[in-house]
Amino acid sequence: MKNNASQGTLDTGSSDKVVRTLCGLCHTNCGMIISVKNGVIDKVRGDPENPGNRGKLCPKAAAVKEFVYSPERLRHPLLRTENGLEPISWDQALDIIANKFGEIKEKYGPEAVVLNRGAPVTQDVHDAFTQLMAAFGSPNATGPSHLCHWPIEIGMKLVTGRNGGPDYPNTKCVIFWASNPLDSTRVGEGVVFGRYDKVITEAKSKGVKVIVIDPFRTAVAAKSDKWLPIWPGTDVALGLAMLHTIITEGLYDHDFVAKWTTGFNELKEHVKETSPAWAEKITGVSAGDIQWAARTYAASKPASILPGNGLEGITSSVDSTRVIGMLEAVTGNLDIPGGNVFFPQVPLSRYPTVRPDKKPLGSDEYPLFTRLSFPVFADAVITGKPYRPRALLAYHSNPLLINANEKKVREALQKLDFIVVFDMFKTATAELAHLILPAASCFEKDGFRPFSSPEGAFVALRQKVIEPLPDCRSWVDVEYEIARRMGLADTYPWTNTEEWINYRLKPSEVTVEQLRQKHVVYVTPPVKYMKYTVSGFSTPSKKVELYSDTARQLGYDPLPVYKEPAESLRSKPEMGEKFPLIGTTRRPGVYIHTRLRNMPQLRKLEPAASVRINPGDAQKRKISEGDRVVVESMNGSIPLMARVTDAAKPGLVVIDFGWGNPGDNGANVNVLTSDGERDPFSSTTSNRRFLCQVKKA
Ligand SMILES: Nc1nc2c(c(=O)[nH]1)N[C@H]1C(S)=C(S)[C@@H](COP(=O)(O)OP(=O)(O)OC[C@H]3O[C@@H](n4cnc5c(=O)[nH]c(N)nc54)[C@H](O)[C@@H]3O)O[C@H]1N2
Ligand SMILES: Nc1nc2c(c(=O)[nH]1)N[C@H]1C(S)=C(S)[C@@H](COP(=O)(O)OP(=O)(O)OC[C@H]3O[C@@H](n4cnc5c(=O)[nH]c(N)nc54)[C@H](O)[C@@H]3O)O[C@H]1N2
Ligand code: SF4
Ligand SMILES: [Mo]
């Protein structure tokens, strides 16, 4: 098989065809070259010309064929009847949805129908059913946003206006703060820097300092110059202490602070008391290490920080982000080569939305969180206040397993009149559904992905590799068919996949046809640094807002304040009698969220849902490597396999996230987590921190 340089078309050799495409299994969207023989996927390899992965694929890619041709795939629409799930035709299924949604709209209003989409690993998941909801009139779209991407977005918006990604090729110091890019293969949000697996080794070979702030000794922590093993949920204290050191020692960028920030004096006053010694007691990180990290970060200009998803599973997610934004700003590391940079983005056309006066549930309580948060949705279903949602369309998502407090989420889902699950597999959420729709996989439909990069923003095409398996369908067709049946098709600016892509890419002046020829098309010039000198920052004052009037006006603290989490051994030592350990969750690198445990090749790599526990804590409980154990929290208990390791510090246990689908024989960690305490800005629940006890089974 030969590559036709930079072209979408490839020599086919002995195959029927060879397709240049993108993997859609995770956000990274690596370039892939897939050959097809007799209509079936044959070989999968990395695309050496893709600017992101440059030919490299992760271990999950080896399971592409198992994923597409899995015997467990849903192959017919299924309707729940008195006799269990019965196969029905697509026509019947689409009629049922249109009728049921219509009925609910008439009785309770359109807002009683709620859309739940999963993590936007592909543009499809981001866009699917948006237009339907707008045309139908429901402002209620939910999903994992309160746990993913949005808390950091809100925090950065308040301080710097936007989340800037580390400029890895030019940086001299990088802090991986609650991020683990070696397993998650995400070195920046949609930002491409060459092979993700090489970022750290390349950085270190150039003498770049790598600092990791993480409770667990992750793959990236193991390679770092310094690992700060922080207690989960205490990042605000650590960040304030770093600001204390940088400000009191005069290590900040005086020029930048004077010209481009507001509220420095208030911040200076605010951090007077937040010394490293104060933070040591809260965070478990020694005052000396905090000082070292602050001095190293401030002195190694340019320096950068990658705030990660670990911050979005704690109830101070937005304030944790705010302190990180402040560190980037006071050291003058914003939008400079090697700092945290606002990379060019692909311009996309907007979708029409519902009438602006229609706000999602919860918008009074969380005015900066402009969609429906799942915990707010669950509350509304259970209490009926301010009104009760009646139906859920769950697309490419598994809300039962991914939200905190599984018991409550189950109760809420069971209270709904009508649940449609549109998935490739019969998930735990599908087990509660009234109607299940079989989805075409990412390799069975066209799609696209916008990327940012220092060389410019570009678009790449996810070309369909094979036709959908019989009776499996793509969201575009399903969405349009539902809209047509409900008399809403007139509002659609597109009717099929190609029109959808062309519609979205119009402002970038790229078409599907061009993408089929070239595969990757750059749509902006390379990054320009220090754009703020021309247009200011994207905040109301056009400066970095260290003291936030926006927050104050909305009734929040104008400066980030450390608050002890509700489940705390420090403030409530009596809790330690039953639950003396602090639990957090881990994202196994060979799986994605709740997916892929049914792929035999991957299952061999991580066969069981596990809890990682420190040797001392294990010994006290007579637990050995591989033992069956039970982990209990205030909310419930789950069986797990013990992994004894000093990668977890004494007092910490780390539990795999994502198990619990039918047939995976694993337990859902969110049985243990609570949804009561929430971040006041983003409603983030405590998915990454809970008190617990481990016992031998
Ligand atoms: N305790 C704890 N909880 C967490 C997290 C954590 O770290 N710890 N992480 C949080 C984060 S960051 C996120 S993003 C969420 C993830 O939350 P979700 O995105 O809801 O979880 P997934 O397991 O990715 O669910 C995606 C579903 O889409 C299906 N699917 C795959 N391909 C297709 C397709 O092409 N079409 C359709 N229709 N379906 C498809 C899969 O089978 C799967 O069931 O979980 C959050 N919850
Ligand atoms: N293989 C694989 N890749 C994935 C995914 C997947 O499920 N599997 N999911 C994708 C998704 S949706 C996302 S959001 C990204 C996430 O990618 P990243 O942003 O890199 O996040 P994680 O890999 O979850 O790593 C978060 C780290 O934060 C640590 N942590 C937990 N709580 C805290 C805390 O309170 N403070 C600090 N400082 N650290 C904490 C955890 O121990 C963990 O090592 O990965 C994406 N890529
Ligand atoms: S699953 Fe692996 S190969 Fe596929 S996009 Fe993610 S990192 Fe790339
Ligand atoms: Mo996520």
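1. **Ground rules.** As this is a predicted model, local features need pLDDT of at least 70 and side-chain atom pairs count only at pLDDT 80 or more, while totals for chains, interfaces and linings use all residues. Residues are numbered from 1 along each chain as its sequence is written, chains are lettered from A and ligands numbered from 1 in the order in which they are written, and side-chain values use heavy atoms, with hydrogens and water left out.

2. **Ligand 1.** There are 31 residues around ligand 1, and A119, I402, D423, H593 and T594 come nearest (a residue is near if one of its heavy atoms lies within 4 Å). Look at the side chains for its polar contacts (pairs of N or O atoms within 3.5 Å; within protein, one must be able to donate a hydrogen and the other to accept it, and residues adjacent in sequence count only if both atoms are side-chain atoms).

3. **Ligand 2.** Here 32 residues form the surroundings, with S184, D214, R587, Y591 and R688 the closest. The backbone is worth a look: a nitrogen of ligand 2 is 2.6 Å from a polar backbone atom of Y591, and oxygen atoms of ligand 2 sit 2.8 Å from one of H593 and 3.3 Å from one of A178. On its own ligand 2 has 920 Å² of accessible area, and the protein covers 97% of it. By class, the shell has 13 nonpolar, twelve polar and seven charged residues.

4. **Ligand 3 and its cavity.** The space taken by ligand 3 is the second largest cavity (a molecule sits in a cavity or pocket if more than half of its atoms lie within 2 Å of its grid points). For the grid terms: on a 1 Å grid over the protein atoms alone, a cavity is a set of points where a 1.4 Å probe fits but cannot get out, a pocket is an open set with protein on both sides within 12 Å along at least five of seven lines, and lining residues have an atom within 4 Å of a point. This cavity holds about 110 Å³ (points are joined across faces, edges and corners, and a volume is the space filled by probe spheres set on them). Of its 14 lining residues, C23, C26, C30, C58 and A61 lie nearest the centre.

5. **Second largest pocket.** Its volume is about 190 Å³, and the lining includes Y366, K385, P386 and R678. Five nonpolar, two polar and five charged residues make up that lining.

6. **Backbone checks.** Most residues other than glycine have a negative phi, and most peptide bonds are trans. The K385 to P386 bond is cis, with omega about -5°, and the K301 to P302 bond is cis too, with omega near 0°. F129 has a positive phi near 65°.

Methods
Ala, Val, Leu, Ile, Met, Phe, Trp, Tyr, Cys and Pro count as nonpolar, Asp, Glu, Lys and Arg as charged, and the others, Gly among them, as polar. Accessible areas come from the Shrake-Rupley method with a 1.4 Å probe; for residues, only the protein chains shown count as cover.
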